[in-house]
Amino acid sequence: MPAYNAAKTLEKTFSEIPLDIVDEVVLTDDKSSDDTIEVARRIGVNHIIVHEVNTGYGGNQKSCYNKALEIGADVVIMVHPDYQYTPKLIQSMAYLITNDVYPCVLASRILGKGALRGGMPIYKYIANRFLTLFQNIFMNQKLSEYHTGYRAFSKEVLEAINYNQNSDDFVFDNEMLGQICYKGFEIAEVTCPTKYFEEASSINFKRSSIYGLGVLRVSVTYFLNKIGLLKSKLFHS
Ligand SMILES: Nc1nc2c(ncn2[C@@H]2O[C@H](COP(=O)(O)OP(=O)(O)OP(=O)(O)O)[C@@H](O)[C@H]2O)c(=O)[nH]1
Ligand SMILES: [Mg+2]
């Protein structure tokens, strides 16, 4: 769980994690200004990594995945601790990976009709649909969305991509999916109910727009690399 000011929602998220199959829980705190670390300690998160400076959403995830691999994870599932995504899908997602059906599974808010019903702002919904269409065309994929905060990876996937050289900002997530597709790994999707509420949603229009432009860049860069016109570090390191 890459955490940033998640004190109000962390315990609820943690309480739904199926600890019968989840061996280790890693939380990285990106210099939250609230009690995220205290809450994490109190509820018994096994591995708490504390950033001394705020590195950003991508930088926070790098620490998270690095730690997960270091402690020997075979399957790594990232879920936002803001309780927008229920950890009750963890068994299903892990099952697909451990049974070698798929090496990567995304929990999609767009498969089904849950996103708008769950309160996703209409501008985010439209942007999500547009960016997804654009990215599917440029990357020759057929995903329902690339923007979920709930993702499962096999160890092999994480080891095959150089996520540490990605952006420290939100576009990290998208670069990672681009790298996974570039390497030819197949991605599965499961439907995921989503809820938007005040404590869980902080990204404003400006940050979302910067992210959107980043997604367009990743998609076009992917295409140019695939046809051999570019050799970007993102896909070739
Ligand atoms: N490390 C870090 N994480 C952040 C920062 N701002 C937001 N986050 C995290 O990024 C994730 C996405 O941000 P949200 O505020 O949930 O975004 P949202 O508006 O709900 O949009 P989606 O969840 O992406 O649909 C959450 O897990 C936040 O905790 C930041 O400055 N640094
Ligand atoms: Mg959120």
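Visitor: Hi! How are the donor residues of the magnesium ion (ligand 2) spaced in sequence?
Guide: Hello! The spacing is D-x1-Q-x115-A. Donors here are N, O and S atoms within 2.8 Å of the metal (3.2 Å for Na, K and Ca), and water is not among the atoms, so sites may look incomplete. Keep in mind that this is a predicted model, where local features need pLDDT of at least 70, side-chain atom pairs count only at pLDDT 80 or more, and totals for chains, interfaces and linings use all residues. Residues are numbered from 1 along each chain as its sequence is written, chains are lettered from A and ligands numbered from 1 in the order in which they are written, and side-chain values use heavy atoms, leaving out hydrogens and water.

Visitor: Which protein donors does the magnesium ion (ligand 2) have?
Guide: Asp82 (OD), Gln84 (OE1) and Ala200 (O), which lie 1.8 to 2.8 Å from the ion. Asp82 is in the loop between strand 4 and helix 4 (90-98), while Ala200 is in the loop between strand 7 (187-191) and helix 9, 118 residues apart. Helices (H or I, at least four residues) and strands (E, at least two) are DSSP runs, numbered from the N terminus.

Visitor: Are Asp82 and Ala200 buried or exposed?
Guide: Both Asp82 and Ala200 are buried. Buried means under 20% relative accessible area, exposed over 50%, and partly exposed in between (1.4 Å probe, protein chains only).

Visitor: OK, new topic. Why is strand 6 described as largely enclosed?
Guide: Because 5 of the 5 residues of strand 6 (residues 150-154) are buried. Tyr150, Ala152 and Ser154 cover one side, with Arg151 and Phe153 on the other.

Visitor: Which strand pairs with strand 6 over 5 bridges?
Guide: That's strand 4 (residues 75-79), in the antiparallel sense, and Met78 stands opposite Arg151. Strand 5 (residues 104-108) also runs antiparallel to strand 6, joined by 3 bridges, with Cys104 opposite Phe153. Two strands pair if DSSP finds at least two bridges between them.

Visitor: And the rings? How many aromatic pairs are there in the whole structure?
Guide: A search finds 12 aromatic pairs. One of them is Tyr182 with Tyr222, edge-to-face at 5.3 Å centre to centre and 85° between the planes. Tyr182 belongs to helix 8 (residues 172-182) and Tyr222 to helix 9 (residues 205-226), 40 residues apart. Rings of Phe, Tyr and Trp (its six-membered ring) pair if their centres lie within 6.5 Å; planes under 30 degrees apart count as stacked, over 60 as edge-to-face and the rest as tilted.

Visitor: How accessible is Tyr222?
Guide: Its relative accessibility is 3%, so Tyr222 counts as buried. Tyr222 also pairs with Phe235: the centres are 5.5 Å apart and the planes at 90°, so this pair is edge-to-face. Phe235 sits in the segment after helix 9, 13 residues from Tyr222.

Visitor: What lies over the face of Tyr182?
Guide: Lys226, at 4.2 Å from the ring centre. Likewise, the charged end of Lys195 sits over the ring of Tyr83, 4.4 Å from its centre. A charge sits over a ring if NZ of Lys or CZ of Arg is within 6 Å of the ring centre and within 35 degrees of the ring normal.

Visitor: Last one: where is Ser32?
Guide: Ser32 is in the loop between strand 2 (26-29) and helix 2 (36-43). Ser32 is buried, with a relative accessible area of 15%. The Ser32 side chain reaches the backbone nitrogen of Asn5 at 2.7 Å.

Definitions and conventions:
A polar contact is a pair of N or O atoms within 3.5 Å; within protein, one must be able to donate a hydrogen and the other to accept it, and residues adjacent in sequence count only if both atoms are side-chain atoms.
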